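Subject: Structure for your review

Dear colleague,

Please find below the structure that I am handing over to you. My findings follow it, and I would ask you to read them with the structure open.

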Amino acid sequence: MKTLRTHAVGGPETLTLDEIDAPVAGPGQVVVAVKACAINFPDTLMIRDMYQFKPQRPYAPGGELSGVIESVGEGVTQWKVGDRVIGMCGNGGLAEKVVLDQGRMFPLPEGVSFETGASLLMTYGTTIHGLKDRGRIKAGETMLVLGAAGGVGISAIELGKAYGNRVIAAVSSEKKAAAAREAGADDVVIYGRPPFDKDASKALADAFKAACGPNGADIVYDIVGGDYSEPALRAIAWEGRFLVVGFPAGIARLPLNLTLLKSCDVCGVFWGAFTAREPQKNAEHVAELFDLLKAGKINPRVSARFPLERGGEAIAMLADRKAVGKVVVTME
């Protein structure tokens, strides 16, 4: 079978299309014929050895996928050959076939495309956990989303609106602002590129405050970090919740006196660890996401598609922060 693998530390250009033996399901495992694999920002970090998990090389990037079960191993009772599934694999998804543990998958409902299914778990799964479990979201609140035009950002806009929030989207370009508005954002702030000096940081904080209104943001959903985080924290409401989701712009250094002045919480959102520690609660979240998808309240936006042999281009699009919505590699 074909797979796109990393053999050495480096960028997307170092990936090679390899021919290897097809995997075989062990006890409690299934082999999935991959139909689509979504690319996420961690994939760009992992191949550079900049992620918290460093798989042994050679390996294929790609952590979330959809496909059809081709074979099942001993002891598998909840799945059968031919089932449509979505699943998490951490890495290995950029391949024609993968082996998954039976507990790492969910059924893909009829009528939901493979591309949509592959785009749901990591982005919307992260956000539903962040907003409900960490952010304690309530109807009538205001939420500020940083990096609002990527896959996770759009999921935050859509879920924020589904839960009755006023959503302010912060993005880096007019093109991304249009995507955020299309996803349902009530207002948009377009920010510049860091580094920010003191005056630029204050100007961005003022822009966030103006967009959020006099009471500030009840939830700040920070997907980008870096120099953007402190201005967003300055725009938070009394007893607001600042959700730390990712750091593509760098790890922020927050002045903790601001958390005292606003009596606010700074909360980490580590969805991967949550799924391992609380699989039943995660399964309930996934079921709710499919209900919201069926009701038309969320809709993963696939903005770019690449065949397997061009999967490196998909990862480069994420690394260069050019992606709007989701980027997917397909096997057909």
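The charged end of Arg84 is placed over the ring of Phe114, at 4.8 Å from the centre of that ring. Please bear in mind that this is a predicted model.

Aromatic rings also meet one another in this structure. A pair of such rings is described by two quantities, the distance of the centres and the angle of the planes. With rings counted as a pair if their centres lie within 6.5 Å, there are 3 aromatic pairs. In one of them, the ring centres of Tyr191 and Tyr228 are 4.3 Å apart and the planes stand at 40°, so this pair is tilted. The angle falls between the two cut-offs, since stacked requires planes under 30 degrees apart and edge-to-face requires over 60.

Which parts of the chain does this pair link? Tyr191 belongs to the loop between β10 (187-190) and α6 (198-212), while Tyr228 belongs to the loop between β11 (217-222) and α7 (229-234). The two residues are 37 residues apart, and the pair thus links distant parts of the chain.

Are Tyr191 and Tyr228 buried or exposed? A residue is called buried when its relative accessible area is under 20%. Tyr191 has a value of 8% and is therefore buried; Tyr228, at 2%, is buried as well.

Tyr228 takes part in a further pair, with Phe196. Here the ring centres are 5.4 Å apart and the planes are at 85°, so the pair is edge-to-face. Phe196 has a relative accessibility of 18% and so counts as buried. Together, Tyr191, Phe196 and Tyr228 make up one aromatic cluster.

A residue in a helix may also interest you. His129 lies in helix α3, which covers residues 121-134. Its relative accessibility is 6%, so His129 counts as buried. Beyond its neighbours within four places in sequence, His129 has contacts that include Val269, Phe270, Trp271, Phe274 and His285.

Finally, the UniProt record, an unreviewed entry, places the feature "domain: Enoyl reductase (ER)" at residues 10-329. In the model, this span is 33% helix and 25% strand, and its end C-alpha atoms lie 20 Å apart.

Yours sincerely

Definitions and conventions: Residues numbered from 1 in each chain as written. Predicted model: local features only at pLDDT ≥ 70, side-chain atom pairs only at ≥ 80, totals over all residues. Heavy atoms only, no water. Phe/Tyr/Trp six-rings, centres within 6.5 Å; stacked < 30°, edge-to-face > 60°. Helix = DSSP H or I, 4+ residues; strand = E, 2+ residues; numbered from the N terminus. Buried < 20%, exposed > 50% of the residue type's maximum accessible area, 1.4 Å probe, protein only. Lys NZ or Arg CZ within 6 Å of the ring centre and 35° of its normal. UniProt positions renumbered as here; feature names shortened; annotations may be inferred. Contact = heavy atoms within 4.5 Å.
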